[in-house]
Amino acid sequence: MKEFLEGSHAIAEVIKNVRPGVISAYPITPQTHIVEDLAQIVANGELESQFVNVESEHSAASVVLGASATGVRVYTATSSQGLFYMQEVVFNIAGMRLPVVMTCANRAISAPINIWNDQQDSLSLRDAGWIQIYAEDNQEAVDFHLLAYRLAEDKRVMLPVMVCMDGFILTHGMETTDMPEQEKVDKFLPVYKPLYKLDPADPMSMGLLADPDYYMEARFAIQETMRESLGILTEISKEFNNIFNRDYGDLLVEEYEVKGADKVIVAMGSVCGTIKEVIDEQRAKGKKVGLLRIITYRPFPYARVYEALKDVAKVAVLDKAVSLGAYAPIAVEMKAAFFGKKKGPKVISSFVAGLGGRDITLETIHEVFRRLSTKEVNSDFIDLKPELLKEEYGD
Amino acid sequence: METNSLFKSGHTACAGCGQAIAARLVVEAAGPNTIIANNTGCLEVFSTKYPETAWGVPWIHSLFENSAAVASGIEAALISLGKKDGINVIAQGGDGSTGDIGLQALSGMLERGHDILYVCYDNEAYMNTGVQRSGLTPFDTNTTTSPAGKLSSGNVRPKKAVPEICLAHGIPYVATASAGFVQDLTRKVKKALSIKGPKYIQIHVPCPLGWRHESNQMLSVAKAAVETGLYPLFEYESGILSGSRQIVPKPVEEYLKLQGRYKHLLSNPEEIKKIQEIADNNIKKYNLRVVP
């Protein structure tokens, strides 16, 4: 049913449909509305769930880890410093192959402290062993949570999934959203049946010490699963479309006017809405421009990206994060996707914009296209304020 | 040892490890309907080196400092599954993972009122990493990071009072126990598990390697700590001191001289006097002295 909802409220409503037995979270802006709404839903008796109010994100992640190991479906959400504070547990959850689902309401990282949106938080945890999916709008954010649970709990996967949605832009934005019906959710997402669980009827030990004779195989297994997940994502996306009639393709990337384009921007998340507007405007003027939207960042869909862009002349990668002293997080993957390949763009330039909530406007996107020339650039910052830089560094 | 023990032999603890004995007593007192969450530390390492495990009950290790939070999740999940009644949930760890790095998670678990027993195996330093001081290392103890030297007589601060920190959360049961007093330890674990809500037991567990005593002296060392008043055994029920083990106090030297970690003090009567004061304060505070 279509409803006009705030993004956070829509997420809380879909988590209600998912029926997690245990929810645990610690408040951090801009994740707060999601967990406040869930707390109210539980308090109203609309969802039978144990809502565990913890003293930190480290414990929020630990609570859902323990609950998931006991065999129940779980949910948590966080942002920014909260994600960093739980980082140790985040890696641990993946290593223990627990199908935890988390919302990351993307926000900048301190210092300087900043509560506004960019994607530095989740992208910094790219090596954690979590599948990461990035939503463009609230409809996707809602639907991706259903896909996330289905994927995490797939016996071929058994890995945690992080659904990333831009803080404030999506979490606090009002959109008309087609909310999934409970019966369809139940059809798509059957009751969770764990492979292993902590149960006195069948005692087992979890989280054992693996010495050099055993450690590598455990890590290798996750790497293999990540690779296999690329196909499973696509398979699950098809099933989702069959039930909900919303098509997310292979769930890896979205090609928007890429066919026949000579300049393509690669980006991720809500900024893609703005980019599409510029593409439409430019295409109407006969310019051959397009957008490749990365939906799944981990596992990274190298082959899919290669296929989509192998005949494009120039690519601009737009990151809302930096890897200080190196290529930005999406840019580095784009370079890797084409390294040593016969075909591929002549130019893959890397741009950084929208850090700490600085607006990415239509003009920002035009500027990206203007700077996308034959001269390749690396981590070129867009929309810097010269007057502030002058103050800092002198002339 | 029984072959069907809930904590089986064949693990890799040092000979005379007080923690290994205490951990077995705890799980056997709790029985098979128990789930344990264990912090990183000696106990975790020596009992669960893949592909073997010593545990006969469901057992999970996640990280160094989060067993209290993991156990909170286990308890919440059992409630969600409608299975909480009849299953004991125990969180456990060493003194460092309990009172230092894990104190916040422990506080959260206690404050939220989970029906969980937290057991701290207190060997008074970070033994797993090579005998570094923790917040629960006693005054004047020689460890690798609080070494005695020309300018130092060992650890400069008294032992952190974790049982009192737990008491301040208003929880229904707080007790100390010792690997040297087996029946007392077993009784306290059973009593704790009969009470609903958060419980805390701190067990004094000698470490022959870190305390530098012979392996076969573990029980004597543990007993001497209690008999000198340096490790008082007490119970608080609903915030009230409901019992303490009565002693005819021995001078603290009787305990200190058994261990290499206090060797540097034996020719230093000034420092021994300070330690005797700690014991005397305990004797007064917890009414330890046998009334004739």
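**Ground rules.** I'm working on a prediction, where local features need pLDDT of at least 70 and side-chain atom pairs count only at pLDDT 80 or more, while totals for chains, interfaces and linings use all residues. Residues are numbered from 1 along each chain as its sequence is written, chains are lettered from A and ligands numbered from 1 in the order in which they are written, and side-chain values use heavy atoms, with hydrogens and water left out.

**Salt bridges.** In chain B I looked up B:Asp115 with B:Lys84, whose closest N and O atoms are 3.2 Å apart. That pair links distant parts of the chain, 31 residues apart. Both B:Asp115 and B:Lys84 are buried (buried is under 20% relative accessible area, exposed over 50%, partly exposed in between, with a 1.4 Å probe and protein chains only).

Next I checked B:Lys159 and B:Glu124, at 2.9 Å between the closest N and O atoms. Here too the pair joins distant parts of the chain, 35 residues apart. B:Glu124 is buried at 2% relative accessible area, whereas B:Lys159 is partly exposed at 24%.

**Helix H12(A).** I read helices as DSSP runs of H or I with at least four residues, and strands as E runs of at least two, numbered from the N terminus. H12 of chain A covers residues 329-338, and seven of its ten residues are buried, so the rest of the structure largely encloses it. Among the buried ones I noted A:Ile330, A:Met334 and A:Phe338. Just after H12(A), A:Gly340 has a positive phi of about 75 degrees.

**Cavity.** I found one cavity of 30 Å³ or more. On a 1 Å grid over the protein atoms alone, a cavity is a set of points where a 1.4 Å probe fits but cannot get out, and lining residues have an atom within 4 Å of a point.

**Surface patch.** I noted a nonpolar patch of A:Phe381, A:Leu384 and A:Leu389, with about 240 Å² of accessible area together. Such patches take residues with over 30% relative accessible area and no salt bridge, nonpolar side chains being joined within 5 Å. Areas are from the Shrake-Rupley method with a 1.4 Å probe. A:Phe381 sits in strand S16 (residues 380-381) and is partly exposed at 31%.

How values were computed: Patch = residues over 30% accessible without salt bridge, like charges linked within 9 Å, V, L, I, M, F, W, Y side chains within 5 Å. Salt bridge = Lys/Arg side-chain N within 4 Å of Asp/Glu carboxyl O. 1 Å grid on protein atoms, 1.4 Å probe; cavity = no way out; pocket = protein on both sides within 12 Å on 5 of 7 lines; lining within 4 Å. Points joined across faces, edges and corners; volume = space filled by probe spheres on them.
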